[in-house]
Each structure stands twice: as structure tokens, then as C-alpha cells.
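Subject: Structure handed over, with notes

Hello,

Here is the structure for you to look at. My notes on what turned up follow below.

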Amino acid sequence: MNTQFKLIFTTCKNEDEARMLGKALVEKKLAACVNILPAMSSIYMWEGEVKEMIEVKMLVKTKTEKMNDVFLTIKAMHSYEVPEIQVIDITTGNLAYFNWMDEVLH
């Protein structure tokens, strides 16, 4: 079964920022659901230095047609200069769940 749904990953500096961003995406009908995963350690290179920080991961469930608006909202509301935004194409899954997402995102 082919679908027109996306799973977007982003990280936030803390749970408060993730909740604010997640609520905005759902209220604007840009995401049917946002999951916020607990704190995790991130190690990365930034401006020539190795950095380490505690972050939270967000999983944003949306439709292909809303993806660019999700990107714009994340970029506008996020505290990071360069927020992570990665997209996975959803190709199969529970049709009832996809029907629910379709209903919610109209």
C-alpha cells in the first residue's frame, strides 16, 4: 500500500521547547501527532568544535502536502540556528491509522 505520509525527525534543546513546537504543529493541522522522546545525549560538530548536549527527539507525523509548512514552522519557532529536519517516507502501515491522519489533517 502506498501512502502520502511522512515522518519528520527533529531535536529540541528541552521538553518545554518540544511541547511548544509540537502543540503548534498539531493546532495548525500540520501534524496529526507529535511524539516527544525522553532526553538523550547528542555529540556533534559545531563551528569547528565537538559539542555534547542533552536534547529531546520529536517525531512529527504529517502528510506530504504539509511537509514544507512543517519545515517553515520548525525553522521559525526553533531555538537552534540550524535545526535538524529529517524526513522518512512512509510506504506501508495501518490503513485505519492513515485514515485517521487524513481526517485530522483536513
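E47 sits in the loop between β2 and β3. In this predicted model, E47 has a positive phi of about 50°, although it is not a glycine. Most residues other than glycine have a negative phi, so the value is worth a look on screen. E47 is exposed, with 65% relative accessibility.

K29 is another non-glycine residue with a positive phi, in this case near 60°. The residue belongs to the loop between α1 and β2 (33-46). At 38% relative accessibility, K29 counts as partly exposed.

Leaving out residues up to four places away in sequence, K66 touches K29, L30 and L105. K66 itself is placed in the loop between β3 (49-63) and α2 (67-77). Which side chain of opposite charge is nearest to K66, and how far away is it? It is E65, at 5.3 Å. A salt bridge here needs a nitrogen-to-oxygen distance within 4 Å, so at that distance K66 has no salt bridge, and yet K66 is buried.

Side chains of opposite charge can pair when their charged atoms come close.

With D102, K63 forms a salt bridge in which the closest N and O atoms are 2.3 Å apart. D102 lies in helix α3 (residues 95-104) and K63 in strand β3, so this pair ties together parts that are 39 residues apart in sequence. The side chain of K63 also meets that of E65 in a salt bridge, at 4.0 Å from N to O. Because they share partners, K63, E65 and D102 are joined by salt bridges into one network.

K63 is buried, with a relative accessible area of 7%. D102 is partly exposed, at 27%, and E65 is exposed, at 56%.

Last, the helix packing. Helix α1 (residues 15-27) and α2 pack at an angle of about 145°, and their axes are 11 Å apart. The crossing of α1 past α2 is right-handed. On the α1 side the contact is made by E17, M20, L21, A24 and L25, and on the α2 side by V70, T73, I74 and M77. By class, the contact has seven nonpolar residues, one polar residue and one charged residue.

Regards

Key. Residues numbered from 1 in each chain as written. Predicted model: local features only at pLDDT ≥ 70, side-chain atom pairs only at ≥ 80, totals over all residues. Heavy atoms only, no water. Helix = DSSP H or I, 4+ residues; strand = E, 2+ residues; numbered from the N terminus. Buried < 20%, exposed > 50% of the residue type's maximum accessible area, 1.4 Å probe, protein only. Lys, Arg positive; Asp, Glu negative; His and termini not counted. Contact = heavy atoms within 4.5 Å. Axes fitted to C-alpha atoms, helices over the stretch in contact; angles between N-to-C directions. Left-handed = near helix turned anticlockwise from the far one by under 90°. Nonpolar A, V, L, I, M, F, W, Y, C, P; charged D, E, K, R; others polar.
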